[in-house]
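Student: I would like to learn how to read a few features in a structure. Could we go through them one at a time?

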Amino acid sequence: MPFVELDTNLPADRLPAGLEKRLCATTAAILNKPEDRVTVVVRPGLSMMMGGSTEPCVQLMVSSIGVVGTAEENRGHSARFFEFLTKDLGLAQDRIVIRFLPVDAWQIGKNGTVMTFL
């Protein structure tokens with residue numbers, strides 16, 4: 001059950017139409033999870049600074065059960081997310097940072113319980 005949060009100082013009108021849907025599909029493909037299990041949040045227009053600059057930037061947070069827990073996994077995931085973000089948003093790699101956050105099944109609530117019991 002992946003959760004993807006894209007924070008950016010780009011204004012909403014500079015984000016390509018359908019970004020959420022493409023990010024959902026891309027995440028599902030990268031993490032080998034069904035699209036209907038992926039949750040995507042896009043927060044444009046934030047006050048952000050990266051590397052001492054307020055030029056356009058993105059912070060992507062990817063959390064999931066069992067697929068973002070090692071350096072080897074995340075190296076591959078990172079390359080594919082960077083490819084998507086640089087192409088879709090037109091940003092250089094040095095204006096993007098990705099945080100991978102592994103979670104356990106007991107940390108995600110759904111349908112009145114936690115994923116451990118589903």
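Tutor: We can begin with Arg22, which is partly exposed because its relative accessible area is 30%. Keep in mind that this is a predicted model.

Student: Which residue does the side chain of Arg22 meet in a salt bridge?

Tutor: Side chains of opposite charge can pair when their charged atoms come close. Here the partner of Arg22 is Asp88, with an N to O distance of 2.8 Å. Arg22 sits in helix H1 (residues 19-31) and Asp88 in helix H2 (residues 71-89), so the pair links distant parts of the chain, 66 residues apart.

Student: How many salt bridges does the structure hold?

Tutor: There are 3. Arg43 takes part in a network of salt bridges with Glu5 and Asp7.

Student: How far apart are the closest N and O atoms of Arg43 and Glu5?

Tutor: They are 2.5 Å apart. For the salt bridge between Arg43 and Asp7, the closest N and O atoms are 2.7 Å apart. That pair also links distant parts of the chain, with Asp7 in strand E1 and Arg43 in strand E2, 36 residues apart.

Student: Is Asp7 buried or exposed?

Tutor: Asp7 is buried, because its relative accessibility of 9% is under the 20% cut-off. Glu5 is partly exposed at 28%, and Arg43 is partly exposed at 30%.

Student: How should I read a helix such as H1?

Tutor: Start with its length. H1 has 13 residues, which at 1.5 Å a residue should span 18 Å, and its end C-alpha atoms are 18 Å apart, so the expectation and the model agree.

Student: Which residues of H1 are buried?

Tutor: An α-helix has 3.6 residues a turn, so residues three or four places apart point the same way. In H1 the buried residues are Leu19, Leu23, Cys24, Thr26, Thr27, Ala28, Ile30 and Leu31. What they pack against is E1, E2, E3 and H2.

Student: Where does Asn111 lie?

Tutor: Asn111 is in the loop between strand E5 (109-110) and strand E6 (113-114). Its phi is near 55 degrees, again a positive value in a residue other than glycine. Asn111 counts as exposed because its relative accessible area is 66%, over the 50% cut-off.

Conventions
Residues are numbered from 1 along each chain as its sequence is written. This is a predicted model: local features need pLDDT of at least 70, side-chain atom pairs count only at pLDDT 80 or more; totals for chains, interfaces and linings use all residues. Side-chain values use heavy atoms; hydrogens and water are left out. A salt bridge is a side-chain nitrogen of Lys or Arg within 4 Å of a carboxyl oxygen of Asp or Glu. Buried means under 20% relative accessible area, exposed over 50%, partly exposed in between (1.4 Å probe, protein chains only). Helices (H or I, at least four residues) and strands (E, at least two) are DSSP runs, numbered from the N terminus. The expected span of a helix is 1.5 Å times one less than its number of residues. Contact means heavy atoms within 4.5 Å.
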